[in-house]
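Subject: Handover of a structure model

Dear colleague,

Please find the structure below, handed over to you for your own reading. My notes on it follow directly after.

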Amino acid sequence: MRVMKLPIYLDNHATTRVDPRVAEAMFPYFVEHYGNPASKQHEFGWTAEAAVETARSQVASLIGADKGEIIFTSGATESINLALKGVAETLGTTKNHLITARTEHKAVLDTCKRLEQYDFQVTYLPVDRDGTLAPDDVEAALNERTALVSLMLANNEIGTIAPVEEIGAICRHRGVIFHTDAAQAVGKILVDVDALQVDLLSMSAHKMFGPKGIGALYIRSQRPWLELMPQIDGGGHEKGLRSGTLNVPAIVGFGKASEIAHKELEGEGERVARLRDMLVEGIMAELDGVHLNGHPTKRLPNNANLTFDGVNADRLMMDMKDIAVSSGSACSSESPEPSHVLQAIGLSVDAVLSSLRFGLGRFTTAEEIAYAVTRVVQTVKAIREKSSRYYVMNS
Ligand SMILES: *Cc1c(COP(=O)(O)O)cnc(C)c1O
């Protein structure tokens, strides 16, 4: 029998393990097919270019796009910067208003803050207790100066899936460009750019069992007025929108990861959701004072964000180092501060600091979940017992 390896990785929103099939596909592009796809005059260049174009098709078909609509970047952060700043710079003279939400990833929020320094006005829409944004609020916030609406498809902390189709329809109707940060959604749930009616979509390979440092921006082609100002100038790669020699092995890996996700997404989603339910139900059956954050049903199959009343989440993590999760104090950034997402859904700072995010993935097993349930229950009980003893002693 295979022995379960510790620690157990349940932090798949932060990053994922590279699927061994992906790593295997990448390897020849380091040591054998190492040409530069921009070298048009020899076999090395042609081989690399063909591999990049295959990957472009694989990424495109995962989201229902054409391969000509995919621009490779270094990841979702760069894609988001290109989308937001790229639109702001082309439309900025006449339109200087953006709409986004309070629960967005820092890649969006910090880019918006930067644009505010350049006289852009940004509306940060609120969300409800489940983390859901009302399409009517988007409609109401639109004005004649609105250049772009940017709203995430699935939240990286609480897993809530946004009503993006409805918002897409509103934006389309009003002639406003619509960008979605789909870094957590692509490869986990079905994503189709036409069904969602998005014009721009950001994605990242390392959130879907591909390598780090590679991502893409989808740019709808039937929008002649949708022009982006490049943010990186140089040799004119990627239609001049993102110069710099292409990271061929990473692109090949991203393509392979997309192909695998396309084939396996449905079955995997169901399996992972079952494990997630096992985790949540297992913990709640043994412990009182545990709350699930985010939408009860419209959520990513791999996400569970739980608040444990009276338990400091950082302490909880320290006491169960064999389970890799992340806490409400540091979910989304390098700098630990109480999660803006959990605060936006109405949690008190105390509740935020008592919250843990569990992120399951392709390689999560039922055995690992059973172990995690036992450890969480045990550790929470121990912490609560100590603090109540402390309470009795001091009262
Ligand atoms: C991870 C993530 C990003 C940033 O992606 P990188 O590829 O790491 O730059 C942006 N948005 C969301 C929702 C994410 O989860």
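How many of the 16 residues of H4 are buried? The model is a predicted one, and in it 12 of the 16 residues of H4 are buried, so that the helix is mostly covered. Among the buried residues of H4 are Ala 76, Glu 78, Ser 79, Ile 80 and Asn 81. The list also includes Lys 85, Gly 86, Val 87 and Ala 88. The length of H4 agrees with expectation, because its 16 residues, at 1.5 Å a residue, should span 22 Å and its end C-alpha atoms are 22 Å apart.

The ligand

Helix H4, which covers residues 76-91, also gives the most to the shell around the ligand, with three residues. The ligand has 13 residues around it, of which Thr 77, Asp 181, Gln 184, Ser 204 and Lys 207 come nearest. By class, the shell holds four nonpolar, seven polar and two charged residues.

A polar side-chain atom of Thr 77 is placed 2.6 Å from an oxygen atom of the ligand. A polar backbone atom of Ala 76 lies 2.9 Å from an oxygen atom of the ligand. In the case of Asp 181, an N or O atom of the side chain is 2.6 Å from a nitrogen atom of the ligand. The ligand taken alone exposes 380 Å², and the protein buries 87% of that.

Salt bridges

Side chains of opposite charge can pair when their charged atoms come close. The count of salt bridges in this model comes to 21.

Are Arg 242 and Glu 78 buried or exposed? Both residues are buried.

A second bridge joins the side chains of Arg 21 and Glu 264, at 2.8 Å from N to O. Here, too, distant parts of the chain are linked: Arg 21 is in helix H1 (residues 20-26) and Glu 264 in helix H9 (residues 248-286), 243 residues apart. Glu 264 is partly exposed, at a relative accessible area of 31%, and Arg 21 is partly exposed as well, at 35%.

Asp 199 is buried, with a relative accessible area of 3%, and Arg 220 is buried, with 6%.

Backbone points

Most residues other than glycine have a negative phi, and most peptide bonds are trans.

- Leu 6 and Pro 7 are joined by a cis peptide bond, with omega about -5°; Pro 7 is in the segment before strand E1 (8-9).
- Asp 119 has a positive phi, near 70°. This residue sits in the loop between helix H5 (106-117) and strand E4 (121-125) and counts as exposed, because its relative accessibility is 61%.
- Gln 197 is not a glycine, yet its phi is positive, at about 55°. Gln 197 lies in the loop between H8 and E7 and is partly exposed, with a relative accessible area of 23%.

With kind regards

Technical notes: Residues are numbered from 1 along each chain as its sequence is written. This is a predicted model: local features need pLDDT of at least 70, side-chain atom pairs count only at pLDDT 80 or more; totals for chains, interfaces and linings use all residues. Side-chain values use heavy atoms; hydrogens and water are left out. A residue is near a molecule or strand if one of its heavy atoms lies within 4 Å of it. A polar contact is a pair of N or O atoms within 3.5 Å; within protein, one must be able to donate a hydrogen and the other to accept it, and residues adjacent in sequence count only if both atoms are side-chain atoms. Accessible areas come from the Shrake-Rupley method with a 1.4 Å probe; for residues, only the protein chains shown count as cover. Helices (H or I, at least four residues) and strands (E, at least two) are DSSP runs, numbered from the N terminus. Ala, Val, Leu, Ile, Met, Phe, Trp, Tyr, Cys and Pro count as nonpolar, Asp, Glu, Lys and Arg as charged, and the others, Gly among them, as polar. A salt bridge is a side-chain nitrogen of Lys or Arg within 4 Å of a carboxyl oxygen of Asp or Glu. Buried means under 20% relative accessible area, exposed over 50%, partly exposed in between (1.4 Å probe, protein chains only). The expected span of a helix is 1.5 Å times one less than its number of residues.
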